[in-house]
Structures are given as structure tokens and as C-alpha cells.
Amino acid sequence: MVTSIDIKKVSSRDKVVVDLDVWMDNPNDYDFSPRVSLVDNILSIYVDLDGDGKMSEQEILASAELDDEALQLAERDRVVEARVKFNVHGMHGTLTHKTPNPRTGPNAKKLAEPRWKVMLPLQ
């Protein structure tokens with residue numbers, strides 16, 4: 001299960017694009033189906049836990065305020081592009097002990113950072 005979502009950036013060119021950092025506890029957790037709703041100028045990202053398609057307050061994981069241009073684009077298209085970067089607690093983060101010669105130590109390779117893009121319809 002996803003523990004938290006951080007909205008890094010909301011941009012608008014020809015459509016509204018939201019950059020997200022999604023934090024999970026387990027790398028084998030594949031149960032993530034985000035939903036997006038727009039109320040006034042607040043864009044909320046939530047996960048449908050009940051399966052009924054409706055949003056409740058405890059399911060909201062992140063929200064951001066849209067400016068006028070982004071609000072017009074979101075209402076026109078009724079869709080938001082989400083660029084998701086997955087992170088796992090305990091695997092991704094800052095290193096405390098770096099190897100002096102990175103060619104021979106455990107820091108020679110970076111951990112995989114799974115990313116995906118998805119078009120989310122507004123609810």
C-alpha cells in the first residue's frame with residue numbers, strides 16, 4: 001500500500017502535468033490505482049479503497065491548488081497527466097557511509113527508480 005504521495009510540481013503547457021513522488025513500504029506492492037478530483041481550484045489525488053469510485057477525506061493522499069491557466073486546461077480536457085516516481089522506504093534515500101572508491105564498492109550502481117506516466121480522468 002502507498003504510504004504517502006508528494007506533489008513535486010504542477011505545470012501547464014498544452015495539458016496539466018503533475019509530478020508525483022510515491023512512497024511505499026514494500027517493493028512488491030502493486031496495489032496502486034490513483035484517482036484525481038477537482039473541486040473549485042483544488043486538485044486532489046486519492047486512492048479508491050472502498051471500490052465505490054467516490055472520494056472520502058481519509059483517502060486523500062495529496063492536494064494542490066491550481067492557478068487560473070491550469071484550472072482552465074483541466075476543465076477543458078477533463079484529464080491530468082501524472083508522472084509518477086516510485087520510492088520505497090529503506091531502499092531509496094540518502095546514503096550515510098560512502099565507499100571511497102565507488103568502482104569497487106556497493107555504491108557502484110544506482111538502485112532502480114521505477115517511473116510511469118498515466119492519464120487520469122478528473123472525477
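This is a predicted model: local features need pLDDT of at least 70, side-chain atom pairs count only at pLDDT 80 or more; totals for chains, interfaces and linings use all residues.

Modeller: Helices, of at least four residues (H or I), and strands, of at least two (E), are DSSP runs numbered from the N terminus. Because 9 of the 9 residues of β2 are buried, the strand is largely enclosed by the rest of the structure. In a regular strand, side chains alternate between the two faces of the sheet. In β2, Val16, Val18, Leu20, Val22 and Met24 point one way, while Val17, Asp19, Asp21 and Trp23 point the other way.

With β1 it pairs in the antiparallel sense over 9 bridges, and Ile7 stands opposite Leu20 of β2. The hairpin that joins β1 to β2 runs through 3 residues. With β6, β2 pairs in the parallel sense over 8 bridges; there, Asp21 has Lys85 as its bridge partner.

Leu20 and Val22 also belong to the largest nonpolar core, where they, together with Ile5, Phe32 and Leu43, touch the most other members among its 26 residues. Beyond its neighbours within four places in sequence, Val22 is in contact with residues including Ile5, Phe32, Val84 and Phe86.

For contrast, consider the loop between β3 (34-39) and β4 (42-47), where Asp40 lies. Asp40 is exposed, with a relative accessible area of 67%. Although not a glycine, Asp40 has a positive phi of about 55°.

How values were computed:
Residues are numbered from 1 along each chain as its sequence is written. Side-chain values use heavy atoms; hydrogens and water are left out. Buried means under 20% relative accessible area, exposed over 50%, partly exposed in between (1.4 Å probe, protein chains only). A nonpolar core is a set of buried Ala, Val, Leu, Ile, Met, Phe, Trp, Tyr and Cys residues joined through side-chain atoms within 4.5 Å. Contact means heavy atoms within 4.5 Å. Two strands pair if DSSP finds at least two bridges between them.
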